[in-house]
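I opened the model today to look things up one at a time. The entries below follow the order in which I went through it.

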Amino acid sequence: MKPENCPVQATVGVIGGKWKPLILFYLKHKTMRFSEFQKMIPEATHKVLTQQLRDLERASIVARKVYPEVPPKVEYSLSAHGQTLRPVFAAMASWGEKYRQQRPREVKSWKQPSAQEVSRTKNGGTARA
């Protein structure tokens with residue numbers, strides 16, 4: 001099979017990215033505002049979070065609704081096409097939970113750096129000891 005014909009490659013091309021899977025997992029449960037994503041994914045920078053949301057919007061996976069208010073209110077939700085990913089993320093969550101139970105040490109070592117650790121790294125320090 002040619003790489004361009006691989007269905008997994010097509011899926012990863014749309015939902016792959018550092019924060020896209022988490023964005024989609026959280027949207028599976030409810031409509032969210034940008035500030036909520038920032039609270040749920042504090043390690044993601046404003047720029048990268050914005051870029052990942054825009055990518056998902058261009059792929060017709062996420063719907064963005066802007067309310068005519070001052071300041072503007074923007075909400076994100078799964079589009080009808082994005083709703084078709086629900087079973088994919090349910091399966092990923094189930095697999096991840098089983099894996100965490102079987103291998104808790106490995107999962108702990110994969111922990112994302114805290115906002116403080118990220119800040120130290122950006123300021124010339126070391127992220128982890």
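Entry 1, the loop with P71. I looked up P71 and found it in the loop between β2 (62-67) and β3. The peptide bond leading from V70 to P71 is cis, and its omega is near -5°. I noted for comparison that most peptide bonds are trans.

Before going on I wrote down the ground rules. This is a predicted model, in which local features need pLDDT of at least 70 and side-chain atom pairs count only at pLDDT 80 or more, while totals for chains, interfaces and linings use all residues. Residues are numbered from 1 along each chain as its sequence is written, and side-chain values use heavy atoms, with hydrogens and water left out.

Entry 2, the sheet. I then followed the strands on either side of that loop. β2 and β3 form a hairpin with five residues between them. They pair in the antiparallel sense over six bridges; two strands count as paired if DSSP finds at least two bridges between them. Within this pairing, V66 stands opposite V74 in β3, and Y67 stands opposite K73 in β3. β3 also pairs with β1, again in the antiparallel sense, over two bridges. There, R33 has E75 of β3 as its bridge partner. Put together, the three strands make an open sheet in the order β1-β3-β2, with antiparallel pairing. Why is one side of β1 (32-33) and of β2 left without a neighbour in the sheet? Both stand at the edges with a single partner strand each, so one side of each has no neighbour there.

I checked what packs on the strands. α2 lies across β1, β2 and β3 and runs at about 90° to β3. The angle is taken between N-to-C directions, from 0 to 180 degrees, using lines fitted to C-alpha atoms, for helices over the stretch in contact.

I asked which residues have the most contacts inside the largest nonpolar core. That core has 21 residues, and the ones with the most contacts inside it are I23, L24, L27, F37 and Y76. A nonpolar core here is a set of buried Ala, Val, Leu, Ile, Met, Phe, Trp, Tyr and Cys residues joined through side-chain atoms within 4.5 Å. α2 (20-27), α3 (34-40), α4 and β3 each supply at least two of its residues. α2 gives the largest share, four residues. For L24 I listed the contacts (heavy atoms within 4.5 Å). Leaving out residues up to four places away in sequence, L24 touches I15, L56, I61, V62, L78, L85 and F89.

K20 lies in helix α2. Is K20 buried or exposed? K20 is buried, at a relative accessible area of 6%. Buried means under 20% relative accessible area, exposed means over 50%, and partly exposed is in between, with a 1.4 Å probe and protein chains only. The side chain of K20 reaches the backbone oxygen of G16 at 3.5 Å. Apart from neighbours within four places in sequence, K20 is in contact with V14, I15, Q52, D55 and L56.

S79 sits in the loop between β3 (73-78) and α5 (80-83). S79 is buried, with a relative accessible area of 15%. The side chain of S79 reaches the backbone oxygen of S60 at 2.6 Å. S60 itself is in the loop between α4 (46-58) and β2, and counts as partly exposed at 43% relative accessibility. S60 has a positive phi of about 65° although it is not a glycine. I noted that most residues other than glycine have a negative phi.

I ended with the totals. The protein has eight helices and three strands, running α-α-β-α-α-β-β-α-α-α-α from the N terminus on. Of the 129 residues, 23% are buried. Among contacts between residues at least 6 apart in sequence, 44% join residues at least 24 apart.

Notes: Polar contact = N/O pair within 3.5 Å; in protein donor to acceptor, adjacent residues only side chain to side chain.
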